[in-house]
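Here are my notes for you to read with the structure open beside them. Click along as you go.

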Amino acid sequence: MTFHPRLARGRTLPLIDVSGLYSDDPETLRGIADQLGRAAREIGFFRITGHGIDPALIEEAYQAAAAFFAQRETLKMRHYIGANRNHRGYVPFSEKGDYADEVNRNYEAFDLGPDLPWDDPEVVAGLARGAITLGPNPWPALPGFHATIARYFASVARLGLLVTGALERHLRLPPGTLTRHMTKPVSQLRLLHYVRATGPGADPGAQKTVNMGAHTDYECLTLLHTRNPGLQVMTAADTWIDVPVDPAVYVVNIGDMLEAWSNGILRSTPHRVLNLSPERFSMPYFVAANHGTLIRPLPALVPEGEAPRYEPFTAGAHLERMLVRDFPYLRRRRNTPAGPVHNPFETRIEREIRP
Ligand SMILES: O=C(O)CCC(=O)C(=O)O
Ligand SMILES: [Fe+2]
């Protein structure tokens, strides 16, 4: 395991070369799996190189995102997520949840998922259960956007399965224990565009303020690419460390679903985004399980004689409950009053940040 020199003094995110995950040598695979697993246990956050995603494709994806966000608001609002049936599309600056620590929140996003037709059996079954996250993507007509983003989505989804497979290996689970539940997952790609608030009334001290408030990610794991500083991770001591920016690297973190599935062996770690850059782009891809997958601590990971540490839940239900918390349009649609919604994976945030 190597450590990034800028994060010295024992507070570091591991940097792990995962190129060996493309090998079929069991010893190589085991070695990398254990490095990833150790970081996922101890910190819940790590950085990977040798991930195999074409840097030119990453660059094209940023260009597609930037071209979309550069449009007039009226054009972007043609794809407003609040006018979409399955939680896909444009999230305007004004679509603000109520994280108490978002003192200077100012970002827009474009949210996408696996592009499944309405008559796909998994979609049909999900809709019958009231799913709000399954179905096709809305594609802006911008030249190249659909082709580029679909290609990026496919690449990062492949990497997500590879990393999940490595964590299975680390946990000594039979191959496919987790990944066979990721055939039509409620995974999401978010294209994010943060802008530090400026102009009359803007806080001159905004440089260090929180833009995206502290949260855990709701899925199994997240593969994040970013090109600007601002991301911070909560340490075990509830202090914050900066995640260094390196375009050759993906930042990976464990989310709620995998914390529960692993009976708390892997950790869903709180993080937030500060206004360190006047403008910031990032692209998290959230690796989830299928909508109907029941997540309960895997019996092999619950010590003899102990009760599982988590109540069972379905992947879709947890994700959608959290989306209703975070998106005012969903609260309006479902007549859910504003107010705190408890996420059992965010107790450290509730204690430290939103008491
Ligand atoms: O933009 C980033 O660096 C992090 C974004 C994030 O944490 C999220 O969208 O869940
Ligand atoms: Fe996040």
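1. **Before anything else.** Keep in mind that this is a predicted model. There is no experiment behind the coordinates you are looking at, just a prediction.

2. **Start with helix α5.** Find residues 145-170, which make up α5 with its 26 residues. From the first C-alpha to the last, α5 reaches 37 Å, close to the 38 Å expected at 1.5 Å a residue.

3. **Who crosses α5?** At what angle do α1 and α5 pack? The angle is about 90°, and the two axes are 8 Å apart. Angles from 65 to 115 degrees count as roughly perpendicular, so that is the word for α1 and α5. On the α1 side (residues 26-42), the contact uses Leu29, Arg30, Ile32, Ala33, Asp34, Leu36, Gly37 and Ala40. On the α5 side, Val163, Ala166, Leu167, Arg169 and His170 take part. Sorted by class, this contact has 8 nonpolar, 2 polar and 3 charged residues. While you have the helices on screen, remember that an α-helix has 3.6 residues a turn, so residues three or four places apart point the same way.

4. **Gly160, inside α5.** Leaving out residues up to four places away in sequence, Gly160 touches Ser187, Leu221, Leu223, Tyr285 and Val287. Val273 is another matter: it sits 113 residues from Gly160 along the chain, and their C-alpha atoms are separated by 22 Å.

5. **Val156, also in α5.** Val156 is found in helix α5 too, and it counts as buried because it has 24 C-beta neighbours inside 10 Å. Its contacts, again not counting residues up to four places away, are Ile53, Leu189, Leu223 and Tyr285. Now look across to Pro284: Val156 and Pro284 are 128 residues apart in sequence, yet 9.6 Å apart in space, C-alpha to C-alpha.

6. **The ligand.** Which residues are around ligand 1? They are Arg190, Leu192, Met212, Asp217, Leu224, Thr226, Leu231, His271, Val273, Ser282 and Pro284. By class, that shell has 6 nonpolar, 3 polar and 2 charged residues. Strands β6 (188-195), β8 (221-226), β12 (271-274) and β13 (279-287) each supply at least two residues of the shell.

7. Most residues other than glycine have a negative phi. Asp238 goes against that, with a positive phi of about 65°. You'll find Asp238 in the loop between β9 (231-234) and β10 (240-242), and it is exposed, with 12 other C-beta atoms within 10 Å. Asn335 has a positive phi as well, near 55°. Asn335 is in the loop between α8 (328-333) and α9 (347-352), and with 6 other C-beta atoms within 10 Å, Asn335 is exposed.

8. **One last stop, Arg321.** This residue lies in helix α7 (residues 315-326). How do you class Arg321, with 16 C-beta neighbours inside 10 Å? Arg321 counts as partly exposed.

Methods. Residues numbered from 1 in each chain as written. Chains lettered and ligands numbered in written order. Predicted model: local features only at pLDDT ≥ 70, side-chain atom pairs only at ≥ 80, totals over all residues. Near = placed C-beta within 6 Å. Helix = DSSP H or I, 4+ residues; strand = E, 2+ residues; numbered from the N terminus. Nonpolar A, V, L, I, M, F, W, Y, C, P; charged D, E, K, R; others polar. Buried ≥ 20, exposed ≤ 12 C-beta atoms within 10 Å, placed from the backbone. Expected span 1.5 Å × (residues − 1). Axes fitted to C-alpha atoms, helices over the stretch in contact; angles between N-to-C directions. Parallel < 35°, antiparallel > 145°, perpendicular 65-115°, else oblique. Contact = placed C-beta atoms within 7 Å.
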